[in-house]
There are 2 protein chains.
Amino acid sequence: MPRYKITIEYDGTGLVGWQRQDNGESVQGTIERAIEAFSGEKATLFGAGRTDAGVHARGQVAHFDIEKSFPTHNVLNAINFHVRPIAIAVVEAEEVTDEFHARFSAKERSYIYRIINRPAPLVLDGRYALHIPKELDHQAMHDAAQVLVGKHDFSSFRAKECQSESPVKSLTRIAVTRDEDEIQIAVAAPSFLHHMVRNITGTLIEVGNGKWTKKDVQEILTAKDRAKAGPTAPAHGLYFMKVVY
Amino acid sequence: MPRYKITIEYDGTGLVGWQRQDNGESVQGTIERAIEAFSGEKATLFGAGRTDAGVHARGQVAHFDIEKSFPTHNVLNAINFHVRPIAIAVVEAEEVTDEFHARFSAKERSYIYRIINRPAPLVLDGRYALHIPKELDHQAMHDAAQVLVGKHDFSSFRAKECQSESPVKSLTRIAVTRDEDEIQIAVAAPSFLHHMVRNITGTLIEVGNGKWTKKDVQEILTAKDRAKAGPTAPAHGLYFMKVVY
C-alpha cells in the first residue's frame, strides 16, 4: 500500500484552516476529496501542522495511503486538478515508506510572520501581511525575542483551546529582520503550541512600538500567564513555511 | 504654487493602466479625483511611466501642482483615503521645486518581471507572477539577455502602438536570477519603448525553454523586426519598481 508525502501551498484567506470542518472549506477536507476523485479511494490526510483559519502555507507537509500506485507527478497533477478552484496546490509529491509520518516524523517546523510597516495602506499585500502604520523598532524586537529561545514553559503564549499535553516547548531560533518596509519574524521549533507564533508576534509588536522591553518579555515568559502577553496577531500575516524530517 | 512628488504602489489587476481612460479605472484618473476630493482643485498628474492594463507598481512616481499648501503626510493620507477601495496607495509624498518633472527629470527606470517556474499551479501568486510549468534555464536566459545591454535599435521589442519618436534605447542592465521556484528578470534603462520589457521577457522565455540561443537573440535584435522576437509576456508578471532622479 503506497504512502505519498505531499508538500502543499495554500492561500488561507477563504479557508477554515487545515482541519476538516463542517462550516467551510479546509485544506485537509479539500485534498481528501481530490484524492478520492482521482483514485476512487477514501484516504485520511495527516498534516504536519494544523494551521488556523486564514493562515497561509508555502510548505505544509502531509501524507496519505491509498491501495493503488500512481506515478508521483500524476498524484501532484491529479490533486491540483481536483482541488480547483480552491486556492490549494500540491507543489511536490513523493512516495515514502510507511515509517514516514507527516506529523510524528517532523523534526522541525518553521513559520514566517510578515508585517508591512509604513503609513500607507497595503494594496499588493493586504491579504498577505499585517499592516502596522506606526514605525516599529525591529532591532529591539529581535533582541527581546532572544529570551524565548530554548526550552521553556510557553503558557503565556498558549491559546486557551490548545490541546498540547504540555506547555513546555523548545524554540530553536527566532529572528526579526527588516527589508525596507517589510518586517519578517522567522521562527523554528520541533513543535509549537496553538497560536504560539501569533501570540509571540503580538507581544513583539508591543516591544517594537516601545510599550515593552526585553525585560518585560522575560517577565511575561516567566509569568506563565496568557493574560500577561500581547494580543494574538491576525492570521493573515502568518505562513507555514517548511518542515524538516 | 506647491508641487508634490508622490511614489505610488498599485495592484494592476483591475485597472486599465496608468493613463486616464473612459473604459475603466486608471491610476492617473483615480488619483486626480482623489486630489480634487481633498484639495478642491483640479490637478493634472504627470507620471514617470505609462504602465499598461494589468501591470503592477511598487514605485511609480508622479507629480502634480495645486494652489494650496498641505503637509506632505496629509497629502499622502488624504489621497489614500479618497482612492479607496481602488488598489492604489501613495507610499511617499514630498514637496519639490517646479524644476522637478516626474517624467522628464527621470534618469533611470527599473522593472521586474516575475515568473514562477514549477509544475504546480499558483495559489498565492496567481495574480502577481507568470506561471510557467516547464523548467526554464535561467542561466541561459541571463547570458542571452546580455546582448541587449547598451544602445540599440529595439524595434524587434517594440509594440506597434508605441509613440516613442525613436526605437533607439539604452538598456543599462538586465539580470535573470532564480530563487527556488521564482525567476526574476530585472531591467533598468533611462527609458523604455512600449511593451519593451514584456517583449524581451517573451523572447527570453524562448531561450529558457531551449527554443532559442544567445545567438538567436542577437539576430532578433539586429533584425529590427517585431515579428522575429517572442510573444509579449502577460501584464500581470510585470512590476514598475523604481525611478531614479
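Author: Chain B and chain A bury about 1,700 Å² between them, buried area being the accessible area (1.4 Å probe) that two parts lose on being put together, summed over both. Carbon and sulfur atoms carry 62% of it. On the side of chain B, Glu9(B), Val123(B) and Leu124(B) lose the most area to chain A, together 37% of what that side buries.

This is a predicted model: local features need pLDDT of at least 70, side-chain atom pairs count only at pLDDT 80 or more, and totals for chains, interfaces and linings use all residues. Residues are numbered from 1 along each chain as its sequence is written, chains are lettered from A in the order in which they are written, and side-chain values use heavy atoms, with hydrogens and water left out. The predictor gives the complex an ipTM of 0.89 and a pTM of 0.93.

Now the contacts (heavy atoms within 4.5 Å). They join 23 residues of chain B to 23 residues of chain A. The rule finds four salt bridges across the interface, each a side-chain nitrogen of Lys or Arg within 4 Å of a carboxyl oxygen of Asp or Glu. The side chains of Arg58(A) and Asp125(B) meet in a salt bridge, at 2.9 Å, N to O.

Next, the elements, with helices (H or I, at least four residues) and strands (E, at least two) taken as DSSP runs, numbered from the N terminus. Strand S1 (3-10), strand S3 (56-65), helix H2 (72-83) and strand S4 (88-96) of chain B each give two or more residues to the side that touches chain A. S4(B) gives the most, with four residues.
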